[in-house]
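Dear colleague,

Please find below the structure that I am handing over to you. My notes on what was found in it follow directly after.

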Amino acid sequence: DLRRDLAIESVRSTIVDVPTVRRHKLSQTSVTAQSYVIVELRLANGAVGIGEAATLGGPRWSEESVEAMKANIDTYLAPALIGLAADRFEAAGARMDAAAKRNNAAKAAIETALFDAVGKTLGIPAALLLGGMVRDSVPVLWTLASGDPDQEIEEAERKLAARLHDTFKVKIGAQAPEADLARLRRLAAALEGRARLIVDANQAWDETTAARCLPQLAELGIALVEQPVPAWNIGAMARLRARPGTPPLLADECVFDAHDMLAVAQAAAADAVSLKLVKHGGLLGLKKVAAVAEAAGIGLYGGCLLESSIGAAAHLQVFSTFRELAWGCEHFGPQILVDDLVEEPLRFADFQVHLPSRPGIGVTLDQARLRRYARP
Ligand code: MUC
Ligand code: MG
């Protein structure tokens, strides 16, 4: 019977390092390769589901590293699931939470593999297990993060000409605010009337610096400012947001679980929230955070941690189910890697990334590429 066939038989985790096409610089780190844990989860019926946990520069963006994730998946999370029916998604979440605190990216990779395996078994996209699709493509931005404005303008021009991206997120905070403002002035002037700009400071500023710089960003036409102050400082986000001349604020590192989202909503500390599997612990956790945001009138933004087509496809499955996704998404990750990990990469066209139509999360792991990028 189906229940017995769906029993989780084994979980395999592999660390991979995939080089990026250029250096990607954030306030707290800089990378030339992306490291992921790829999960392959096998059911008794032979179906294999896949999932991905992304990091950015080791345990610097958040506390999880690929090495820690692999250890915790192999030692604690996978053993807690063996024998459970793969379609008991909430029960699997409860078992994983009992086996390990937080470890949200590791849990998300496993839960993604559950949705993929069950979707493949039933011959349906994972989105149908999450409420069903409202859309089959999502507007997708590109991130400018070399730190060199000449290179960034040239890169943006190429993306615009290819009709791939017309919104750009600029990573700021790695240098003095005045240097970033000068850089943004150049980008805004070069792209005026043709592209929309947002910025992400990755917690780099204190409240005083943010109070000084935010009105200048608004004057430059910056449409959204992501996590200008440290994640713990929700009070500062709320006070900044209440000041006249502050552009809309996007919560990123300050919202991991639904309780964080509730605190941000109660403090009126954000206009939008960046939704990411690595933060919310899985597709169901991501939907719960989104529901709290929706209840508070906070807009949804489809966030990323530079995932490959595996992680991006998983995000698209859940993003496709939202009635409103006001700010589109940023799943440009597959395009910044020198190579992808799947047989058919996601399709980027007309400023959108398209939901794959195959069962599960919709992509197939390329075993040869997995071996090529696997850490020895
Ligand atoms: C972040 O903080 O948003 C997403 C895109 C990017 O360039 O960095 C990441 C993480
Ligand atoms: Mg961010």
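Leu275 has Gly302 of strand E11 standing opposite. The strand that pairs with E11 in the parallel sense is E10 (residues 272–275), and four bridges join the two. Two strands count as paired if DSSP finds at least two bridges between them; helices (H or I, at least four residues) and strands (E, at least two) are DSSP runs, numbered from the N terminus.

This is a predicted model, in which local features need pLDDT of at least 70 and side-chain atom pairs count only at pLDDT 80 or more, while totals for chains, interfaces and linings use all residues. Residues are numbered from 1 along each chain as its sequence is written, chains are lettered from A and ligands numbered from 1 in the order in which they are written, and side-chain values use heavy atoms, with hydrogens and water left out.

The sheets

E10 and E11 belong to an open sheet of seven strands with parallel pairing, in the order E5-E6-E7-E8-E9-E10-E11. Strand E5 (142–144) and strand E11 (299–302) are at its edges with a single partner strand each, so one side of each has no neighbour in the sheet.

Another open sheet has three strands in the order E4-E13-E12, with antiparallel pairing. Its edge strands, E4 (137–139) and E12 (348–349), each pair on one side only. E4 and E13 (residues 352–354) run antiparallel and are joined by three bridges; here Pro139 stands opposite Gln352 of E13.

The two domains

The domain assignment of the chain, where bounds come from an automatic or database assignment, gives domain 1 (2–123 + 368–373) and domain 2 (129–365). Taken over C-alpha atoms, their centres are 23 Å apart. In the contact (heavy atoms within 4.5 Å), 45 residues come from domain 1 and 50 residues from domain 2.

How much area is buried between domain 1 and domain 2? The value is about 4,000 Å², and carbon and sulfur atoms give 66% of it. Buried area is the accessible area (1.4 Å probe) that two parts lose on being put together, summed over both.

Across this interface there are 25 residue pairs in polar contact, both residues being at pLDDT 80 or more. A polar contact is a pair of N or O atoms within 3.5 Å; within protein, one must be able to donate a hydrogen and the other to accept it, and residues adjacent in sequence count only if both atoms are side-chain atoms. On the side of domain 1 that touches domain 2, helix H4 supplies the largest share, 12 residues.

Salt bridges

The structure holds 28 salt bridges, each a side-chain nitrogen of Lys or Arg within 4 Å of a carboxyl oxygen of Asp or Glu. Asp17 forms one with Arg375, with the closest N and O atoms 2.8 Å apart. Asp17 lies in strand E1 and Arg375 in the segment after H14, so this pair ties together parts that are 358 residues apart in sequence. Four salt bridges are found across the interface of domain 1 and domain 2.

With kind regards
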